[in-house]
Amino acid sequence: MQIVVRSGDIGREAGDLVVLAQIEGQPLPAEVAGLLEADDFSAKPGQAVLLYPRGAIAARRLLLLGMGTAEALQADAVRRVAALAAQKAQELKLTSFTLALPAHLDLPPAQIGQAFAEGAELGTYRYLRYKTDTNNLTEVASATLLAAAEPETVQIGASVGQAVAQGVTLARDLANGPGNAITPTVLGEVALDLAQRYGFKATVLDKAQLTAQGFHGILAVGQGSAQEPRFIVLEHGQAAAGVPTICLVGKGITFDTGGISIKPAEKMDDMKMDMGGAAAVLGTMQAVGDLKLPLHVVGIICSAENMPSSTAYKPGDIVKTLSGKTIEVLNTDAEGRIVLADGLFYAQRYQPTAIIDLATLTGAMMVALGGFATGIMGTSQPLAERLIAAGETSGERVWQLPLWDEYRDVMKSDIADLKNTGGRYGGAITAGGFLAAFVGDWPWMHLDIAGTAWVERPTRPYMAKGATGVGVRLLIELLRSYV
């Protein structure tokens, strides 16, 4: 989508669809107010009224969109109205639209541009790769934002927003992809393609290399599948004095049957998205490459397919991980933490400023927070506070949970160093307690995206049913805070 930012007058904007976003309690422009009754539009969040001015103003169609109260207004309100405007253009089979925002938004100009671009790009996302008839679908090719002030700065923000949105789109496409098409091998190929495009240093380890180097956590989970596991590393920039090193570690279970501890058949088809953490890492790395962030960013993906077979790992097995620590397998469906054990330990070799892992890890987190926030926990309160702030700005909110020693103690095994499940109670946090054993003394935060990586009913207009690409906007906001 081409995005243009310029100044302009709503009454003189000629176009097939001109959109006016409005704050509650603020008067409409005089030329617009005469087109409807006063009580027809109150500007409550998400309210939409489509008008046909018939020459009263230059636009052929005028869409009024509500943003809510000025006191509650954040960047996400801009993201939402941009998405709604793009969707209305698509519904009307129009290829462009123009949006005017209120004149006095208490937001930085660059943030306004970024939010607009993210909303416009993501609002029209649909996963159509396997649709054979797309002739009747309209692509919105261009969007114009009328900026009340500093259009050049707003345009710079829009360029950032487009890079972020394209990273989210990559993550959504990967997580929406069926298990027979998105395999550990394919994730490796996507990583190599990104490396070629952006000059990343890339490492993709196959089964033989994993075996030789001792990645027995990843190997154990993948040993029941005909699809070989992969360990993937993408490196942007390099370690240097004064340059933060941030390691992003993603769970990449491309399909999760639960293994021998098999899941119920109902909704198992959704388990193609159990590589949502890996998808977020790849999408983030693409955006990092587009934005050329002056950081050392290392994307690490631990990928396998968890299947039941005569060669699958079993309840009661003992697995020796890359770190040398041993795991007693009590439930083969608690597999994500086993592959992450290898990836988190590997991340320590970079002596990172921060390690952040993302994983669709526990149903317990879905019970705790639903689909409205990502649960976080870890060993660094300053890093937690950075993530919380990034979540508020990006609209991908996070909620911190405790990680006291008691939660770690629950994960100790009688016959190995650790066991891979601590029981039903506090399950999201005890999973974090397990992961904490593999990060050493480096600042680390765990993001459990089980509830936010997939939606059946989108709660925001820039979402679509299926994969959300959660984590990309959050991580880019976090990374930019280090610049």
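Predicted model: local features only at pLDDT ≥ 70, side-chain atom pairs only at ≥ 80, totals over all residues.
**Entry 1: the ends of H11**

I then turned to the start of the helix. There, the backbone nitrogen of Leu-383 has a side-chain oxygen of Ser-380 within 3.2 Å.

**Entry 2: the length of H11**

I compared the span of H11 with expectation. The helix has 14 residues, which at 1.5 Å a residue should span 20 Å. I found its end C-alpha atoms 20 Å apart, so the two values agree.

**Entry 3: the buried side of H11**

Which residues of H11 are buried? I noted Leu-383, Ala-384, Leu-387, Ala-390, Gly-391 and Ser-394. Around the axis they cover an arc of only 125°, and therefore they lie on the same side of H11. I next asked what the buried residues of H11 pack against. Their partners include two helices, H2 (75-91) and H14 (472-481). The strands in the list are E13 (354-359), E14, E15 and E17.

**Entry 4: strand E14 and its partners**

I examined strand E14, residues 374-378. Four of its five residues are buried, so the strand is largely enclosed by the rest of the structure. From E14 the chain crosses through H11 (residues 381-394) to E15, and I recorded this β-α-β crossover as right-handed.

Is the pairing of E14 with E15 parallel or antiparallel? E14 and E15 (residues 398-400) pair in the parallel sense, over three bridges. Within this pair, Ile-376 has Gln-400 of E15 as its bridge partner.

I made the corresponding check for E17 (residues 444-448), which pairs with E14 in the antiparallel sense over four bridges. Here Met-377 is bridged to His-446 of E17.

I then followed the pairing of E11 with E12 (residues 326-328), which is antiparallel and runs over three bridges. In this pair I located Lys-320 opposite Thr-326 of E12.

Notes. Residues numbered from 1 in each chain as written. Heavy atoms only, no water. Pairing = 2+ DSSP bridges. Buried < 20%, exposed > 50% of the residue type's maximum accessible area, 1.4 Å probe, protein only. Right-handed = clockwise from strand over helix to strand, strands pointing away. Expected span 1.5 Å × (residues − 1). Arc of directions from axis to C-beta. Contact = heavy atoms within 4.5 Å. Polar contact = N/O pair within 3.5 Å; in protein donor to acceptor, adjacent residues only side chain to side chain.
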